[in-house]
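Thanks for making the time this morning.

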Amino acid sequence: MWIAITRSVSPAIARCELTHVERAPIDLGRARLQHTAYEEAIARAGCRLIRLPAEPALPDSVFVEDTAIVLDEVAVVLRSGAASRRAESDSIAGVLARHRRLERIELPGTVDGGDVLRIGRMIYVGRSGRSNEAGRAQLGRKLAPFGYRVKSVEVTGCLHLKSAVTQIAPGLILVNPGWVDPGTFGDLDRIEVHVREPFAANALLIGGTILYPAAYPRTRERLEQRRLAVRSVDLSELAKAEGGITCSSLVFRA
């Protein structure tokens, strides 16, 4: 059984943080409808949903992935590199405490969950504007007792590591080689995004199903050519807030 924590879209989302995309009007009603369809797709993929209410004072709070990472042995409550987002972790921690032992990243360390990619016992942490070396070092110390190795990864041109690379099957990653060096991930097999779809490397793998943004049909075709099970989800309004398909859920094993 999988669990997915989600949070309703904040009515203040138009004031979201932006780094690599230009600000554009966000249709709140449409964003909420798309988010509901996203939750339904996650449920169909096999997750039990824990839906949290919107946070009117926290514009980016729908992006719950950034607040924590959850492993089988422990959950680590993170400290965002964006000061305006740090209050988002409080309510998530309360939910996670019912499922896992908690650890926390403390300042001056910062880590966003979007910068954390787990592949087996390896935890890759993007060096970005949101996650720093002090945060990576803390994460390494907290996870070492459980047999995890933490490695820093250079990221350029995008907000988070998982904007540039995600795992889409055992031993297989989806990657934008312009934003992260595929050689960082050793001998893992890879699919590269279509050159016209630079944001297309963010995919959400749940069991054997890949939830994938409808906005990237050329890259989706590459996934389907490998006989991967892909389910399209339209998140075009949340993409205006620099959100990818992994950003709006925190998925872990029950």
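Let me start with Arg100, which, setting aside its neighbours within four places in sequence, is in contact with Val70, Leu71, Asp72, Glu73, Val74, Ala75, Phe252, Arg253 and Ala254, contact meaning heavy atoms within 4.5 Å. Please keep in mind that this is a predicted model, in which local features need pLDDT of at least 70 and side-chain atom pairs count only at pLDDT 80 or more, while totals for chains, interfaces and linings use all residues. Residues are numbered from 1 along each chain as its sequence is written, and side-chain values use heavy atoms, with hydrogens and water left out.

Arg100 is buried yet has no salt bridge, and the nearest side chain of opposite charge, Asp72, is 4.3 Å away. Buried here means under 20% relative accessible area, with a 1.4 Å probe and protein chains only, and a salt bridge is a side-chain nitrogen of Lys or Arg within 4 Å of a carboxyl oxygen of Asp or Glu.

Now to the cysteines. How many disulfides are there? The count comes to 0, taking a disulfide as a pair of cysteine sulfur atoms within 2.5 Å. For Cys16, the nearest cysteine sulfur, that of Cys247, is 12 Å away, and Cys16 is buried, at 2% relative accessible area. Cys247 is also buried, at 8%, and its sulfur is 11 Å from the closest cysteine sulfur, in Cys158, which is too far for a bond.

Note on methods:
Buried means under 20% relative accessible area, exposed over 50%, partly exposed in between (1.4 Å probe, protein chains only). Lys and Arg count as positive and Asp and Glu as negative; His and the chain ends are not counted.
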